[in-house]
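This briefing is meant for a reader who is meeting the structure for the first time. Please keep the sequence and the 3D view at hand while going through the points that follow.

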Amino acid sequence: MHFFRNKRLFILLIGFIVLVALIGFSLKDRENLTAVEKFVNDTVGWTQNVIHTPVTFITDIVTNVKDFKNTYEENQLLNEQLSQYKSLIYEVQDIKEENEELNDLLGITETVRDYDPIQATVVSRSPERWVEQVTINKGEQDGVRSNMIVITAEGMVGKIKSTSEFTSNVQLLTGFDQYNRISATISREERDIFGMIEGFDQESNSLLFRIIEESDKDLEEGELVVSSELGGEFPKGLAIGTVKEVVSDQYGLTRIAMVEPAADIYDLRNVIVVDRALTETEESNTEEEEE
Amino acid sequence: MKRLFFPLILFLLTILEGAALELLPSNLVMGNLMIVPHWVFAFLVYMAIFYDKDYTYYSIGYALLFGLLIDVVYTGVLGVYMFSYGLAIYIVHGLKKILQGNFYVVVLLGTVGVLLADLFIYLIYTSVGIVDMVFQDYTLGRMLPTILSNIVFILLLYPFCAKRLARWQWEQLSGKSTL
């Protein structure tokens, strides 16, 4: 009996050592997943794809029924807005043409705004709520790489955390911490406000935008925060969110804007992975031209 | 042949967990209460109570295996679910030797098991630094809703699992004295 007690303790200790080793292995900065993880992710991802179809079918029916209830009111509201948009569209078209002409004159073919979209579907969401992660059905074979930005039509939702051959994991904005930042900017007439999206505050449901370079102090509520090309990884001008409130940080040195995400991060279906079209060598050219 | 059912069922539950948050109404998901589906664990509790004999440890083996699978697929931090599920199922397996396998015991051991598993996950994540949450917030905001929702799932499983697993135990494990 004494021997058995010791054996149990022994197994528990070994288990504990294995746990620490595994956590240590997975938390260190590693660029890629191991081959085993990739294989498991691909296998599970394929099955998730299969299971996901009937699940979305059912949830779609439920939401459709809900949508029918307020269709009429929405329709009237949208009709009013539509007439306003029409004039805006003409204006935008004009400006676009002008912009293209000017770019042609200068000989710029690719700008920091350009990107190649990779369409993807969300197949699963992590049940562990502390790890805000979803899986999409596009992987390295489709050109997805780590650290690419993931957006929906409304705005940014996250970035690629790890890739397998046919699936990849997306870290959502709600799960951001100081280890995965995004350079962002608020557009101004003279000098833009630059800063970093540094994390997500669960209590107020908003992103923390640390302002590094402030051109003027009167940051207003409702101003749009967009991604900046200065991070070197993402294209310029993707909507991140709107400013809710500005507070000073815990040391009182810098100010932090609370930013409400533009996209609905809780209801994700179809997303776009943003592959920046501009290569590194061309980047230096455009920067010189800007100066 | 029937032994293949266990990996298949557990695999299916693992995948359904990924779609679980979509199936739940969004105002539940968006609120401050965190509901974590431990469906794989719920089935493992049934295995530990009805399938495993006192000297067989199939449920613990599957707990380690599918805990690791959840780690790989859903969190990326290896070992956390594997260790938590394994240890919690081991404790359930030990308690089951004292108690009879009936409906009330399932509810009791299910509650204890989910509580322990989720607590281990919280402890490991906090010590590693992934989660920064006060214990009181954790108990009210995550532990209670998680236990309640998983108990509902365990109750739903009862009519499908209890008798069947007991029969499989009789078919597959009786007459053999070793693993």
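Which elements are included in what covers the buried residues of α3(B)? The cover includes α1, α4, α5, α6 and α7 of chain B, and the points below build up the picture around that helix. The model is a predicted one, and it scores ipTM 0.81 and pTM 0.82.

**Confidence**

- For chain B the mean pLDDT is 87, and 93% of the residues of this chain reach 70 or more.

**Chain B as a whole**

- Chain B has seven helices and zero strands, so that from the N terminus on its elements run α-α-α-α-α-α-α.
- The radius of gyration of chain B is 16 Å, which is close to the 16 Å given by the globule rule for 179 residues, and chain B is therefore as compact as a globular protein of that length.
- Taken along the principal axes, the box filled by the C-alpha atoms of chain B is roughly 50 × 30 × 30 Å.
- Of the 179 residues in chain B, 45% are buried.

- The buried residues of α3(B) include B:Phe41, B:Phe43, B:Leu44, B:Val45, B:Met47 and B:Phe50.
- The 13 residues of α3(B) should span 18 Å at 1.5 Å a residue, and the end C-alpha atoms of this helix are 17 Å apart, which agrees.
- Helix α5(B) is mostly covered as well, with 14 of its 19 residues buried.
- For the 19 residues of α5(B) the span should be 27 Å at 1.5 Å a residue, and the end C-alpha atoms of α5(B) are 28 Å apart, which agrees.

**Nonpolar cores**

- The largest nonpolar core has 56 residues, of which B:Leu44, B:Val45, B:Met47, B:Tyr85 and B:Ile89 touch the most other members.
- Two or more residues of this core come from each of α1 (2-27) of chain A and, in chain B, α1, α3 (39-51), α4, α5, α6 and α7 (135-173).
- Apart from this core lies another one, of 42 residues, and among its members are A:Tyr115, A:Val144, A:Ile182 and A:Ile240.
- When residues up to four places away in sequence are not counted, B:Met47 touches B:Asp52, B:Tyr58, B:Ser59, B:Tyr62 and B:Leu165.

**Where chain B touches chain A**

- In the contact between the chains, 31 residues of chain B meet 32 residues of chain A.
- On the side of chain B that touches chain A, the elements giving two or more residues are α1 (5-23), α2 (26-30), α4 (58-75), α5 (80-98) and α6 (103-128) of chain B.
- The most is given by α1(B), which brings nine residues to this side of chain B.
- Sorted by class, the side of chain B that touches chain A has 23 nonpolar, six polar and two charged residues.

**Chain A as a whole**

- Chain A has four helices and 12 strands, and the C-alpha trace of chain A spans about 85 × 50 × 40 Å along its principal axes.
- Of the 291 residues of chain A, 30% count as buried.

**Two residues of chain A to look at**

- A:Gly45 is found in helix α2 (residues 35-69) of chain A, and A:Gly45 counts as buried because it has 26 C-beta neighbours inside 10 Å.
- Leaving aside neighbours within four places in sequence, A:Gly45 is in contact with A:Val123, A:Thr135, A:Asn137, A:Phe166 and A:Thr167.
- Although A:Gly45 and A:Asn137 are 92 residues apart along the chain, their C-alpha atoms are separated by 7.1 Å.
- A:Asn147 is found in the loop between β2 (133-136) and β3 (149-151) of chain A, and with 15 C-beta neighbours inside 10 Å this residue counts as partly exposed.
- Phi of A:Asn147 is near 70°, which is a positive value in a residue other than glycine.

Key:
Residues numbered from 1 in each chain as written. Chains lettered and ligands numbered in written order. Predicted model: local features only at pLDDT ≥ 70, side-chain atom pairs only at ≥ 80, totals over all residues. Contact = placed C-beta atoms within 7 Å. Nonpolar A, V, L, I, M, F, W, Y, C, P; charged D, E, K, R; others polar. Rg over C-alpha atoms; globule rule 2.2 N^0.38 Å. Buried ≥ 20, exposed ≤ 12 C-beta atoms within 10 Å, placed from the backbone. Expected span 1.5 Å × (residues − 1). pLDDT = per-residue confidence, 0-100. Core = buried A, V, L, I, M, F, W, Y, C linked by C-beta atoms within 7 Å.
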